[in-house]
Amino acid sequence: MTSSTFSLGGDLTVNRLGFGAMRLTGQGVWGPPADRDECLRVLRRAVELGVDFIDTANSYGPYISEELIREALHPYDGVVIATKAGLLRTGPDQWPVLGYPAYLRQECEMSLRRLGVDTIDLFQLHRIDDKFPAEDQIGELATLQQEGKIRHIGLSEVSADQLAAARDVATIVSVQNMYNLSMRGAEPVLEACEDHGIAFIPWFPLAAGPLAAPDGPLQRIAADHHASPSQLALAWLLARSEVMLPIPGTSKVAHLEENVAASHIELTDDEFETLSKAGAAQS
């Protein structure tokens with residue numbers, strides 16, 4: 001049986017099913033959400049249900065997600081808040097990359113202010129910007145860590161080679177790449193994370209495509225567990241690796257409760273293999 005918790009950096013133990021706060025914003029991840037009060041309820045309910053790892057970014061809104069998290073949860077009381085920098089927002093659904101070290105420092109300082117903390121638990125480089133040396137971008141985060149403004153450093157959307165190079169510059173405790181049952185191109189990165197005890201945070205965790213069709217394997221196995229296909233997709237991720245920290249997001253309490261319930265589903269070995277093979281055929 002896999003563990004239900006993971007220790008980030010060896011000193012921040014969290015439940016492996018977290019919450020991704022990108023959806024607490026307007027359309028195109030731009031501006032305020034349609035129902036602000038419901039988003040505040042989602043954050044508070046997540047913590048009530050045992051979620052103690054919340055992932056956000058300065059670019060969600062921009063700024064909106066971090067501000068809502070502070071309003072709903074500050075002073076956090078054992079909840080680990082992870083945020084990111086490295087993307088600009090120039091409009092809805094627009095995400096230019098900017099890894100200029102001085103910009104990363106500025107955004108760290110602004111996230112500290114918005115979240116109302118002296119140290120950010122986990123600060124992630126949202127993308128490596130190929131316009132600047134990667135070691136300068138990661139090195140700036142390492143300097144901020146030395147100054148006590150960042151506790152741990154993470155990366156997002158990197159290759160296994162980029163992860164290896166980054167580990168020569170700083171201690172990396174997490175990687176956030178797109179990964180789900182039917183999109184598993186990040187498998188080499190996941191394996192590298194397993195080798196080094198690094199958390200792997202899959203974004204877009206619920207995508208299942210044809211696997212979720214009425215006659216598909218997700219639906220059939222979900223019925224056996226009195227669960228939904230999306231719950232099975234999360235259960236598969238949790239079973240896939242002990243370093244896996246899925247962060248499904250939502251702006252609705254009912255959907256949140258459904259997602260969190262997935263952490264209680266235990267797949268048999270046969271069910272896990274069936275889903276793995278079906279997913280591999282789609283990827």
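Visitor: How many bridges join S3 to S4?

Guide: This is a predicted model in which local features need pLDDT of at least 70 and side-chain atom pairs count only at pLDDT 80 or more, while totals for chains, interfaces and linings use all residues. Residues are numbered from 1 along each chain as its sequence is written, and side-chain values use heavy atoms, with hydrogens and water left out. Strands (E, at least two residues) and helices (H or I, at least four) are DSSP runs numbered from the N terminus, and two strands pair if DSSP finds at least two bridges between them. In S4, aspartate 55 is the bridge partner of glycine 20, and S3 and S4, which run parallel, are joined by two bridges.

Visitor: Which strands stand at the edges of the open sheet?

Guide: Seven strands form this open sheet, with parallel pairing, in the order S3-S4-S5-S6-S7-S8-S9. An edge strand has a single partner strand, so one side of it is left without a neighbour in the sheet, and this holds for strand S3 (19–20) and strand S9 (199–203).

Visitor: In S2, which residue is the bridge partner of phenylalanine 6?

Guide: S1 runs antiparallel to strand S2 (residues 12–15), to which four bridges join it. The two form a hairpin with three residues between them, where glycine 9 in the turn has a positive phi of about 65 degrees. The partner of phenylalanine 6 in S2 is valine 14.

Visitor: Why is helix H2 largely enclosed by the rest of the structure?

Guide: The buried residues of H2 are Ile64, Ser65, Glu66, Leu68, Ile69, Ala72 and Leu73. They pack against helix H1 (36–48), strand S4 (53–55), strand S5 (80–85) and helix H3 (101–115). Helix H2 (residues 64–73) is largely enclosed because the number of its 10 residues that are buried is seven.

Visitor: At what angle do H1 and H2 pack?

Guide: Axes are lines fitted to C-alpha atoms, for helices over the stretch in contact, and angles run from 0 to 180 degrees between N-to-C directions. Angles under 35 degrees count as roughly parallel, over 145 as roughly antiparallel, 65 to 115 as roughly perpendicular and the rest as oblique, and H1 and H2 are therefore oblique to each other. Their axes are 9 Å apart, and the packing angle is about 60 degrees.

Visitor: How are H8 and H10 oriented to each other, oblique or roughly perpendicular?

Guide: Helix H8 (residues 229–240) and helix H10 (residues 269–282) have axes 11 Å apart and pack at an angle of about 105 degrees. Contact, meaning heavy atoms within 4.5 Å, is made by Leu232, Trp236, Ala239 and Arg240 of H8 and Phe272, Leu275 and Ser276 of H10. By their angle, H8 and H10 are therefore roughly perpendicular.

Visitor: What is the relative accessible area of glutamine 176?

Guide: Glutamine 176 lies in strand S8 (residues 172–178). Leaving aside its neighbours within four places in sequence, glutamine 176 is in contact with residues including Asp55, Lys84, Gln124 and Trp203. Glutamine 176 is buried, and its relative accessible area is 3%.

Technical notes
Buried means under 20% relative accessible area, exposed over 50%, partly exposed in between (1.4 Å probe, protein chains only).
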